[in-house]
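Please look over the model below with these notes beside it.

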Amino acid sequence: MKKPPRKVIITCAITGAIHTPTMSDALPYKPEDIARQSIEAAQAGAAILHLHARNPLNGAVSIDPEHFMAFLPQVKNATDAVINLSTGGSLHNTVAERIAPAKRVSPEMTSLNMGSMNFSMHPLATKYDSWKFDWEREYLAESDNYIFRNTFRDIAMVARELGDGEGVKFEHECYDVGHLYNLKFCVDSGMFRAPVFIQFVLGILGGIGADLENLVFMKRTADRLFGDNYRWSVLGAGASQMDLAVAAATMGGNVRVGLEDSLFISKGRLASSNAEQVAKVKRMLEDHGLEVATPAVAREMLGLKGAELTRF
Ligand code: KMH
Ligand code: ZN
């Protein structure tokens, strides 16, 4: 009998904390635009929506729970997609501040960044002559002095408050090979329940580069450390987004796209929306004989608590 096609989870990261409004008119920052693009991305095939909030007046990255609440109920009412809240925050937030929105709404998933690192987008500060909002240039330029703090103590706090406290499942963002060893240490300490879900993040300035060789190395390392007790996905930042997504899927993994990670749909052409990227990657996966996972399948694959246990 023919084997049924393997199911691939598409995560779509709708707006993020890296790009700024000047870079693309499609980058959503008003709650109605974040909601609409999230719903359309889910309709296009995203099973998981990775969400940050923005200040609706100027598009600055926000961790104000009210800014999340301005779009979360609408997205939940209109889709069955899994909602995954970022705990990454902005450049100036403590980890306790970064998890406040998730503590308020108890989502099914949140991101959890697995190590402290340089995390910089300062080269983007020199690429534009004028800006839509006055915070943008400095936000980008200042990131050359930014340490994205995620110590073992921070990680343990997030595990306690959101994992143990709220039944949240984590998207463990691993930007380099060492982060896999950090996760292994935490798993061995009993912090997380299997299967852990690892997002290999390639191409951030401060992390591992967006090369296929690096993806293979990350995957092999994770295989050695976690055996069968993990699920994985890949996020290629910038131009590598689609190529690494297809590579990951054909290697047995899941994929993440979205305007948080790349503003483009093809070389030199800005994407018109998150849904356009989701539709493209879905087509590419199906061309390779793979099937896209529904939210229900994603919940089963990752062992999620269910949308009924969230508070929004
Ligand atoms: N705030 C950025 C430095 C995540 O979504 O958890 C990274 C970030 C990742 O926000
Ligand atoms: Zn994010």
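Is Phe 148 buried or exposed? Phe 148 is buried, at a relative accessible area of 4%. Buried means under 20%, exposed over 50% and partly exposed in between, with a 1.4 Å probe and protein chains only.

1. Basis. This is a predicted model: local features need pLDDT of at least 70, side-chain atom pairs count only at pLDDT 80 or more, and totals for chains, interfaces and linings use all residues. Residues are numbered from 1 along each chain as its sequence is written, and side-chain values use heavy atoms, without hydrogens and water.

2. Ring pairs. Rings of Phe, Tyr and Trp (its six-membered ring) pair if their centres lie within 6.5 Å; planes under 30 degrees apart are stacked, over 60 edge-to-face, the rest tilted. The count is 12 aromatic pairs. Phe 119 and Phe 148 are edge-to-face, because their centres are 5.4 Å apart and their planes at 80 degrees.

3. Second partner. Phe 119 is buried too, at 10%. Phe 119 also pairs edge-to-face with Tyr 175, at 5.7 Å and 70 degrees. Ring pairs join Phe 119, Tyr 146, Phe 148 and Tyr 175 into a cluster.

4. Glu 260. This residue is buried, at 7%. Its side chain makes a polar contact of 3.2 Å with that of His 50. Such a contact is a pair of N or O atoms within 3.5 Å; within protein, one must be able to donate a hydrogen and the other to accept it, and residues adjacent in sequence count only if both atoms are side-chain atoms.

Note on methods. Chains are lettered from A and ligands numbered from 1 in the order in which they are written.
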